[in-house]
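I opened this notebook to record what I looked up, topic by topic. The entries follow the order in which I went through the structure.

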Amino acid sequence: MFLPLFIARRMGGSSKGSSQRVMGRIAKVSVAISVAVMLVSVAIVEGFRNEISRNITAVEADIQLHGIDTVDSKQVVPITISELTLSRLSAVNGVQRVYPIITSEVVLQGDSALVGAHIKGVDSRFSWDFFRDKLVEGLIPTYSDSVGSREVLLSQTMARQVGAQVGSVVNLIFVEQQGSPERVRVAGLYSTGMAEVDGLVLLAHRQTIARMLGLGPQMADGYQLQLRRGASLEQVMASIEELSWQESLIMESTQDRFPAIFGWLKMLDSNAYLVLIIMLVVAGINMVSSVLIIVLENTQTIGLLMSQGIRMGQLRWIFVFRCMPITLWGILWGVLLGLGFCFLQHSVGLIALDSEAYMVSQVPIYIDYPLVALIAVASFVLITLLSLLPAMIIARLSPDKTLRFK
(Lines give C-alpha, C1' and ligand atoms only; values in the text may rest on other atoms or scores of the structure.)
Protein backbone atom coordinates (compact mmCIF):
# COMPACT_ATOMS: atom_id res chain seq x y z
CA MET A 1 0.00 0.00 0.00
CA PHE A 2 1.13 3.55 -0.70
CA LEU A 3 2.82 4.68 2.57
CA PRO A 4 1.26 8.20 2.84
CA LEU A 5 -2.21 6.72 2.27
CA PHE A 6 -1.63 4.04 4.93
CA ILE A 7 -0.48 6.59 7.52
CA ALA A 8 -3.38 8.96 6.65
CA ARG A 9 -5.86 6.13 7.31
CA ARG A 10 -4.23 5.35 10.65
CA MET A 11 -4.47 9.04 11.63
CA GLY A 12 -8.13 9.10 10.70
CA GLY A 13 -8.84 5.99 12.76
CA SER A 14 -7.11 7.39 15.84
CA SER A 15 -8.86 10.77 15.80
CA LYS A 16 -12.08 9.73 17.55
CA GLY A 17 -13.09 12.21 20.23
CA SER A 18 -10.25 14.59 19.35
CA SER A 19 -10.53 18.20 18.25
CA GLN A 20 -9.38 17.26 14.75
CA ARG A 21 -12.49 15.06 14.41
CA VAL A 22 -14.65 18.03 15.43
CA MET A 23 -12.83 20.27 12.94
CA GLY A 24 -13.27 17.59 10.30
CA ARG A 25 -17.01 17.63 10.84
CA ILE A 26 -17.09 21.42 10.70
CA ALA A 27 -15.09 21.38 7.45
CA LYS A 28 -17.39 18.69 6.02
CA VAL A 29 -20.50 20.76 6.83
CA SER A 30 -18.86 23.88 5.40
CA VAL A 31 -18.01 22.12 2.13
CA ALA A 32 -21.52 20.66 1.92
CA ILE A 33 -23.22 24.02 2.45
CA SER A 34 -20.86 25.75 0.00
CA VAL A 35 -21.46 23.19 -2.75
CA ALA A 36 -25.22 23.24 -2.14
CA VAL A 37 -25.34 27.04 -2.35
CA MET A 38 -23.26 26.97 -5.57
CA LEU A 39 -25.56 24.40 -7.20
CA VAL A 40 -28.74 26.23 -6.17
CA SER A 41 -27.33 29.59 -7.36
CA VAL A 42 -26.39 28.21 -10.77
CA ALA A 43 -29.72 26.36 -11.10
CA ILE A 44 -31.66 29.56 -10.32
CA VAL A 45 -29.65 31.67 -12.77
CA GLU A 46 -30.05 29.03 -15.50
CA GLY A 47 -33.73 28.78 -14.60
CA PHE A 48 -34.27 32.51 -15.00
CA ARG A 49 -32.40 32.55 -18.30
CA ASN A 50 -34.23 29.57 -19.77
CA GLU A 51 -37.70 30.43 -18.48
CA ILE A 52 -37.67 34.12 -19.42
CA SER A 53 -35.94 33.54 -22.76
CA ARG A 54 -38.37 30.71 -23.56
CA ASN A 55 -41.40 32.83 -22.68
CA ILE A 56 -40.24 35.82 -24.70
CA THR A 57 -39.14 33.87 -27.77
CA ALA A 58 -42.33 31.78 -27.71
CA VAL A 59 -44.39 34.97 -27.92
CA GLU A 60 -42.12 37.22 -29.99
CA ALA A 61 -39.89 34.58 -31.69
CA ASP A 62 -36.08 34.74 -31.87
CA ILE A 63 -35.84 36.89 -34.99
CA GLN A 64 -38.29 39.27 -36.61
CA LEU A 65 -38.19 40.66 -40.15
CA HIS A 66 -40.21 43.85 -40.73
CA GLY A 67 -41.20 45.52 -43.93
CA ILE A 68 -39.79 49.06 -44.08
CA ASP A 69 -40.42 52.15 -46.18
CA THR A 70 -37.73 52.64 -48.84
CA VAL A 71 -37.71 56.39 -48.12
CA ASP A 72 -37.99 56.33 -44.32
CA SER A 73 -36.20 53.23 -42.98
CA LYS A 74 -37.75 53.75 -39.53
CA GLN A 75 -41.29 53.46 -40.86
CA VAL A 76 -42.72 49.91 -40.72
CA VAL A 77 -45.02 49.17 -43.68
CA PRO A 78 -47.09 46.09 -44.58
CA ILE A 79 -45.65 43.66 -47.10
CA THR A 80 -47.15 41.02 -49.39
CA ILE A 81 -46.43 37.53 -48.08
CA SER A 82 -44.01 35.74 -50.39
CA GLU A 83 -43.91 31.95 -50.44
CA LEU A 84 -40.41 32.20 -51.94
CA THR A 85 -39.24 34.28 -48.98
CA LEU A 86 -40.84 31.84 -46.54
CA SER A 87 -39.17 28.84 -48.16
CA ARG A 88 -35.75 30.54 -48.29
CA LEU A 89 -35.96 31.51 -44.63
CA SER A 90 -37.06 27.99 -43.67
CA ALA A 91 -34.03 26.57 -45.49
CA VAL A 92 -31.56 28.56 -43.34
CA ASN A 93 -29.62 26.23 -41.05
CA GLY A 94 -30.88 26.54 -37.46
CA VAL A 95 -34.36 27.86 -38.32
CA GLN A 96 -37.19 25.70 -36.99
CA ARG A 97 -40.28 27.68 -38.00
CA VAL A 98 -41.17 30.78 -40.05
CA TYR A 99 -44.58 32.44 -40.07
CA PRO A 100 -46.02 35.81 -41.14
CA ILE A 101 -47.56 38.12 -38.56
CA ILE A 102 -49.58 41.30 -38.41
CA THR A 103 -49.70 43.47 -35.31
CA SER A 104 -51.60 46.50 -34.09
CA GLU A 105 -52.32 48.44 -30.94
CA VAL A 106 -55.94 48.06 -29.83
CA VAL A 107 -58.24 48.92 -26.98
CA LEU A 108 -60.05 45.87 -25.62
CA GLN A 109 -63.60 46.65 -24.53
CA GLY A 110 -65.46 44.28 -22.25
CA ASP A 111 -68.50 44.50 -20.01
CA SER A 112 -66.71 46.28 -17.17
CA ALA A 113 -63.65 48.14 -18.48
CA LEU A 114 -61.36 49.19 -21.30
CA VAL A 115 -57.70 48.06 -21.47
CA GLY A 116 -54.95 48.60 -23.99
CA ALA A 117 -53.54 45.54 -25.75
CA HIS A 118 -51.07 44.51 -28.41
CA ILE A 119 -52.86 42.25 -30.88
CA LYS A 120 -50.81 39.73 -32.84
CA GLY A 121 -52.34 38.11 -35.88
CA VAL A 122 -51.06 34.63 -36.77
CA ASP A 123 -52.12 31.90 -39.20
CA SER A 124 -51.88 28.12 -39.58
CA ARG A 125 -48.07 28.25 -39.71
CA PHE A 126 -47.88 29.46 -36.09
CA SER A 127 -46.96 26.92 -33.39
CA TRP A 128 -49.36 26.87 -30.42
CA ASP A 129 -47.24 24.50 -28.31
CA PHE A 130 -46.20 27.15 -25.81
CA PHE A 131 -49.68 28.59 -25.35
CA ARG A 132 -51.18 25.09 -25.17
CA ASP A 133 -48.96 24.48 -22.12
CA LYS A 134 -50.06 27.81 -20.62
CA LEU A 135 -53.78 27.38 -21.35
CA VAL A 136 -55.85 27.64 -18.17
CA GLU A 137 -59.38 27.62 -19.60
CA GLY A 138 -61.12 27.09 -22.93
CA LEU A 139 -59.53 26.00 -26.19
CA ILE A 140 -56.73 27.05 -28.51
CA PRO A 141 -58.33 28.69 -31.56
CA THR A 142 -57.99 26.90 -34.89
CA TYR A 143 -57.10 29.15 -37.83
CA SER A 144 -57.45 28.30 -41.51
CA ASP A 145 -55.80 30.09 -44.41
CA SER A 146 -59.04 29.99 -46.41
CA VAL A 147 -61.71 30.75 -43.79
CA GLY A 148 -61.70 33.76 -41.46
CA SER A 149 -62.07 33.42 -37.72
CA ARG A 150 -63.13 35.87 -35.02
CA GLU A 151 -61.90 33.69 -32.16
CA VAL A 152 -59.08 35.12 -30.05
CA LEU A 153 -56.80 33.85 -27.30
CA LEU A 154 -56.84 36.20 -24.35
CA SER A 155 -54.72 36.26 -21.21
CA GLN A 156 -56.41 35.52 -17.90
CA THR A 157 -55.16 38.89 -16.62
CA MET A 158 -56.83 40.88 -19.40
CA ALA A 159 -60.01 38.82 -19.17
CA ARG A 160 -60.24 39.64 -15.49
CA GLN A 161 -59.67 43.34 -16.18
CA VAL A 162 -62.44 43.64 -18.79
CA GLY A 163 -64.82 41.18 -17.13
CA ALA A 164 -64.64 38.56 -19.91
CA GLN A 165 -64.60 34.78 -19.81
CA VAL A 166 -64.44 31.91 -22.28
CA GLY A 167 -67.25 32.39 -24.81
CA SER A 168 -67.61 36.12 -24.10
CA VAL A 169 -67.81 38.61 -26.96
CA VAL A 170 -65.52 41.62 -26.63
CA ASN A 171 -64.87 44.63 -28.83
CA LEU A 172 -61.58 45.59 -30.48
CA ILE A 173 -61.05 49.29 -31.05
CA PHE A 174 -58.07 49.80 -33.37
CA VAL A 175 -56.03 52.84 -32.42
CA GLU A 176 -54.98 53.49 -36.03
CA GLN A 177 -58.47 53.06 -37.50
CA GLN A 178 -61.46 55.40 -37.39
CA GLY A 179 -64.10 52.71 -37.95
CA SER A 180 -66.52 51.11 -35.54
CA PRO A 181 -65.33 48.48 -33.00
CA GLU A 182 -64.88 44.91 -34.21
CA ARG A 183 -66.51 42.10 -32.23
CA VAL A 184 -64.50 38.95 -31.43
CA ARG A 185 -65.14 35.88 -29.30
CA VAL A 186 -62.84 34.64 -26.52
CA ALA A 187 -61.91 31.02 -27.32
CA GLY A 188 -59.47 30.47 -24.46
CA LEU A 189 -57.51 32.02 -21.63
CA TYR A 190 -53.78 31.63 -21.03
CA SER A 191 -51.37 32.58 -18.24
CA THR A 192 -47.59 32.67 -18.72
CA GLY A 193 -46.74 34.13 -15.30
CA MET A 194 -45.01 37.06 -17.04
CA ALA A 195 -46.82 40.34 -16.43
CA GLU A 196 -45.30 41.85 -19.60
CA VAL A 197 -47.03 39.18 -21.71
CA ASP A 198 -50.19 38.50 -19.72
CA GLY A 199 -51.07 42.17 -19.44
CA LEU A 200 -50.58 42.99 -23.10
CA VAL A 201 -50.56 40.24 -25.76
CA LEU A 202 -53.75 39.14 -27.52
CA LEU A 203 -53.61 36.53 -30.32
CA ALA A 204 -56.00 36.53 -33.26
CA HIS A 205 -56.40 35.33 -36.85
CA ARG A 206 -54.00 37.16 -39.18
CA GLN A 207 -56.27 37.33 -42.22
CA THR A 208 -59.17 38.59 -40.10
CA ILE A 209 -57.03 41.30 -38.50
CA ALA A 210 -55.68 42.31 -41.92
CA ARG A 211 -59.24 42.77 -43.19
CA MET A 212 -60.17 44.79 -40.08
CA LEU A 213 -57.20 47.07 -40.85
CA GLY A 214 -58.29 47.47 -44.46
CA LEU A 215 -55.52 45.25 -45.88
CA GLY A 216 -55.61 42.27 -48.19
CA PRO A 217 -55.52 38.69 -46.84
CA GLN A 218 -51.96 38.21 -48.13
CA MET A 219 -50.61 41.27 -46.30
CA ALA A 220 -48.49 41.16 -43.15
CA ASP A 221 -46.11 43.32 -41.13
CA GLY A 222 -43.30 40.82 -41.60
CA TYR A 223 -42.07 37.40 -40.59
CA GLN A 224 -41.07 35.83 -37.30
CA LEU A 225 -38.51 33.04 -37.02
CA GLN A 226 -38.13 30.52 -34.22
CA LEU A 227 -34.76 28.78 -33.99
CA ARG A 228 -33.91 25.19 -33.18
CA ARG A 229 -32.67 24.44 -29.68
CA GLY A 230 -28.94 25.09 -29.49
CA ALA A 231 -28.79 27.08 -32.73
CA SER A 232 -26.51 30.13 -32.75
CA LEU A 233 -28.52 33.35 -33.05
CA GLU A 234 -25.52 35.22 -34.50
CA GLN A 235 -24.85 32.57 -37.16
CA VAL A 236 -28.49 32.41 -38.22
CA MET A 237 -28.72 36.20 -38.49
CA ALA A 238 -25.47 36.26 -40.51
CA SER A 239 -26.90 33.63 -42.89
CA ILE A 240 -30.12 35.62 -43.32
CA GLU A 241 -28.16 38.80 -44.07
CA GLU A 242 -26.49 37.02 -46.99
CA LEU A 243 -29.88 36.42 -48.65
CA SER A 244 -31.29 38.88 -51.18
CA TRP A 245 -34.88 40.08 -51.05
CA GLN A 246 -37.43 41.42 -53.47
CA GLU A 247 -38.98 43.47 -50.64
CA SER A 248 -37.30 45.88 -48.20
CA LEU A 249 -36.89 44.14 -44.85
CA ILE A 250 -35.13 44.98 -41.61
CA MET A 251 -34.04 42.27 -39.17
CA GLU A 252 -34.17 42.41 -35.36
CA SER A 253 -33.46 39.79 -32.73
CA THR A 254 -35.44 39.43 -29.52
CA GLN A 255 -32.34 40.56 -27.63
CA ASP A 256 -32.29 43.77 -29.70
CA ARG A 257 -35.95 44.41 -29.00
CA PHE A 258 -35.78 43.69 -25.26
CA PRO A 259 -32.27 44.85 -24.22
CA ALA A 260 -33.25 45.62 -20.62
CA ILE A 261 -34.51 42.07 -19.94
CA PHE A 262 -31.49 40.32 -21.46
CA GLY A 263 -29.13 42.81 -19.81
CA TRP A 264 -30.68 41.88 -16.46
CA LEU A 265 -30.10 38.18 -17.22
CA LYS A 266 -26.41 38.89 -17.93
CA MET A 267 -26.18 40.71 -14.61
CA LEU A 268 -27.49 37.56 -12.89
CA ASP A 269 -24.56 35.65 -14.43
CA SER A 270 -22.03 37.95 -12.77
CA ASN A 271 -23.84 37.57 -9.42
CA ALA A 272 -23.70 33.78 -9.76
CA TYR A 273 -19.95 33.88 -10.43
CA LEU A 274 -19.48 36.01 -7.32
CA VAL A 275 -21.42 33.50 -5.21
CA LEU A 276 -19.30 30.63 -6.59
CA ILE A 277 -16.07 32.42 -5.67
CA ILE A 278 -17.27 33.33 -2.17
CA MET A 279 -18.48 29.79 -1.42
CA LEU A 280 -15.23 28.23 -2.65
CA VAL A 281 -13.22 30.63 -0.49
CA VAL A 282 -15.36 29.84 2.58
CA ALA A 283 -15.01 26.08 2.04
CA GLY A 284 -11.28 26.45 1.41
CA ILE A 285 -10.70 28.50 4.57
CA ASN A 286 -12.52 25.94 6.69
CA MET A 287 -10.51 23.13 5.12
CA VAL A 288 -7.26 25.02 5.76
CA SER A 289 -8.29 25.45 9.40
CA SER A 290 -9.03 21.74 9.64
CA VAL A 291 -5.62 20.82 8.20
CA LEU A 292 -3.90 23.18 10.64
CA ILE A 293 -5.60 21.42 13.56
CA ILE A 294 -4.58 18.05 12.16
CA VAL A 295 -0.97 19.23 11.76
CA LEU A 296 -0.83 20.64 15.32
CA GLU A 297 -2.34 17.50 16.88
CA ASN A 298 0.09 15.25 15.01
CA THR A 299 3.25 17.30 15.54
CA GLN A 300 5.05 14.54 17.42
CA THR A 301 4.04 11.97 14.81
CA ILE A 302 5.43 14.30 12.15
CA GLY A 303 8.72 14.59 14.08
CA LEU A 304 8.95 10.82 14.43
CA LEU A 305 8.36 10.28 10.72
CA MET A 306 10.93 12.96 9.84
CA SER A 307 13.51 11.34 12.12
CA GLN A 308 12.92 8.05 10.29
CA GLY A 309 13.83 9.74 7.00
CA ILE A 310 10.41 10.22 5.37
CA ARG A 311 10.51 12.61 2.44
CA MET A 312 8.73 15.97 2.61
CA GLY A 313 6.64 15.15 -0.44
CA GLN A 314 5.35 11.99 1.24
CA LEU A 315 4.64 13.95 4.41
CA ARG A 316 2.51 16.47 2.54
CA TRP A 317 0.60 13.66 0.80
CA ILE A 318 -0.30 12.21 4.18
CA PHE A 319 -2.32 15.31 5.08
CA VAL A 320 -3.76 15.62 1.59
CA PHE A 321 -5.07 12.03 1.84
CA ARG A 322 -6.33 12.79 5.36
CA CYS A 323 -8.45 15.68 4.00
CA MET A 324 -9.71 13.99 0.83
CA PRO A 325 -12.48 11.95 2.56
CA ILE A 326 -13.70 15.09 4.33
CA THR A 327 -13.85 16.96 1.02
CA LEU A 328 -15.50 14.08 -0.87
CA TRP A 329 -18.18 13.50 1.77
CA GLY A 330 -18.82 17.23 2.00
CA ILE A 331 -19.24 17.51 -1.78
CA LEU A 332 -21.51 14.43 -1.87
CA TRP A 333 -23.80 15.79 0.85
CA GLY A 334 -23.69 19.24 -0.79
CA VAL A 335 -24.78 17.82 -4.16
CA LEU A 336 -27.61 15.84 -2.54
CA LEU A 337 -28.74 18.87 -0.51
CA GLY A 338 -28.56 21.25 -3.48
CA LEU A 339 -30.35 18.92 -5.90
CA GLY A 340 -32.96 18.08 -3.26
CA PHE A 341 -33.82 21.74 -2.80
CA CYS A 342 -33.92 22.25 -6.59
CA PHE A 343 -36.31 19.33 -7.10
CA LEU A 344 -38.52 20.56 -4.27
CA GLN A 345 -38.63 24.12 -5.62
CA HIS A 346 -39.34 22.91 -9.15
CA SER A 347 -42.18 20.60 -8.11
CA VAL A 348 -43.76 22.55 -5.25
CA GLY A 349 -42.67 26.16 -5.81
CA LEU A 350 -41.58 26.94 -2.25
CA ILE A 351 -40.38 30.46 -3.12
CA ALA A 352 -42.91 32.64 -4.94
CA LEU A 353 -42.08 35.88 -6.75
CA ASP A 354 -43.88 39.00 -7.89
CA SER A 355 -44.34 38.42 -11.63
CA GLU A 356 -44.48 42.15 -12.30
CA ALA A 357 -41.00 42.61 -10.84
CA TYR A 358 -39.31 39.32 -11.82
CA MET A 359 -41.34 38.27 -14.90
CA VAL A 360 -42.01 34.83 -13.37
CA SER A 361 -44.40 33.82 -10.60
CA GLN A 362 -41.95 31.57 -8.72
CA VAL A 363 -38.19 31.02 -8.59
CA PRO A 364 -37.41 28.98 -11.73
CA ILE A 365 -35.02 26.04 -11.60
CA TYR A 366 -33.02 24.46 -14.39
CA ILE A 367 -30.54 21.69 -13.54
CA ASP A 368 -27.64 21.33 -15.95
CA TYR A 369 -26.18 17.97 -14.92
CA PRO A 370 -22.83 18.38 -16.75
CA LEU A 371 -22.45 21.71 -14.93
CA VAL A 372 -23.28 20.01 -11.61
CA ALA A 373 -20.50 17.49 -12.27
CA LEU A 374 -18.12 20.30 -13.23
CA ILE A 375 -18.84 22.20 -10.00
CA ALA A 376 -18.31 19.05 -7.92
CA VAL A 377 -14.99 18.19 -9.62
CA ALA A 378 -13.74 21.79 -9.57
CA SER A 379 -14.64 22.11 -5.88
CA PHE A 380 -12.74 18.92 -5.05
CA VAL A 381 -9.64 20.01 -6.98
CA LEU A 382 -9.55 23.57 -5.63
CA ILE A 383 -10.24 22.62 -1.99
CA THR A 384 -7.61 19.89 -2.18
CA LEU A 385 -5.07 22.36 -3.55
CA LEU A 386 -5.93 24.80 -0.75
CA SER A 387 -5.36 22.05 1.79
CA LEU A 388 -1.72 21.91 0.62
CA LEU A 389 -1.05 25.40 2.01
CA PRO A 390 -0.89 24.44 5.72
CA ALA A 391 0.92 21.24 4.78
CA MET A 392 3.78 23.43 3.59
CA ILE A 393 4.35 24.41 7.23
CA ILE A 394 5.68 20.90 7.75
CA ALA A 395 8.72 21.72 5.63
CA ARG A 396 9.82 24.31 8.22
CA LEU A 397 9.61 21.93 11.17
CA SER A 398 12.71 20.25 12.60
CA PRO A 399 12.48 16.70 14.00
CA ASP A 400 14.02 17.52 17.41
CA LYS A 401 11.54 20.34 18.12
CA THR A 402 8.51 18.39 16.94
CA LEU A 403 9.38 15.37 19.11
CA ARG A 404 9.50 17.65 22.19
CA PHE A 405 6.24 19.46 21.19
CA LYS A 406 3.31 18.99 23.61
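Which residues of α14 are buried? I was working with a predicted model, and in it I found V372, I375, A376, S379, I383 and T384 to be the buried residues of this helix. I then looked at how they are placed around the axis, and I noted that they cover an arc of only 150 degrees, which puts them on the same side of α14. On the other side of α14 I found P370, L374 and V377, which are exposed. I also checked the length of the helix: α14 runs over residues 369-386, has 18 residues and reaches 26 Å from its first C-alpha to its last, close to the 26 Å expected at 1.5 Å a residue.

Next I turned to the largest pocket, for which I noted about 1,300 Å³ of space. Its lining is made up of 38 residues, and those that lie nearest the centre of the pocket are N50, S53, R54, T57 and R229. I looked up which elements give two or more residues to this lining, and I listed α2 (19-60), β3 (95-109), α4 (129-134), β11 (222-227), α8 (233-241) and α9 (254-257). Which element gives the largest share of the lining? I found that it is α2, with nine residues. Sorted by class, the lining of the largest pocket holds eleven nonpolar, 17 polar and ten charged residues.

My last entry concerns the aromatic rings, for which the count comes to seven aromatic pairs. I looked at Y99 and F126, which form an edge-to-face pair with 5.1 Å centre to centre and 90 degrees between the planes. Why does this pair tie together separate parts of the sequence? Y99 lies in strand β3 whereas F126 lies in the loop between β4 (114-122) and α4, so the pair joins parts that are 27 residues apart in sequence.

Definitions and conventions
Residues numbered from 1 in each chain as written. Predicted model: local features only at pLDDT ≥ 70, side-chain atom pairs only at ≥ 80, totals over all residues. Heavy atoms only, no water. Helix = DSSP H or I, 4+ residues; strand = E, 2+ residues; numbered from the N terminus. Expected span 1.5 Å × (residues − 1). Buried < 20%, exposed > 50% of the residue type's maximum accessible area, 1.4 Å probe, protein only. Arc of directions from axis to C-beta. 1 Å grid on protein atoms, 1.4 Å probe; cavity = no way out; pocket = protein on both sides within 12 Å on 5 of 7 lines; lining within 4 Å. Points joined across faces, edges and corners; volume = space filled by probe spheres on them. Nonpolar A, V, L, I, M, F, W, Y, C, P; charged D, E, K, R; others polar. Phe/Tyr/Trp six-rings, centres within 6.5 Å; stacked < 30°, edge-to-face > 60°.
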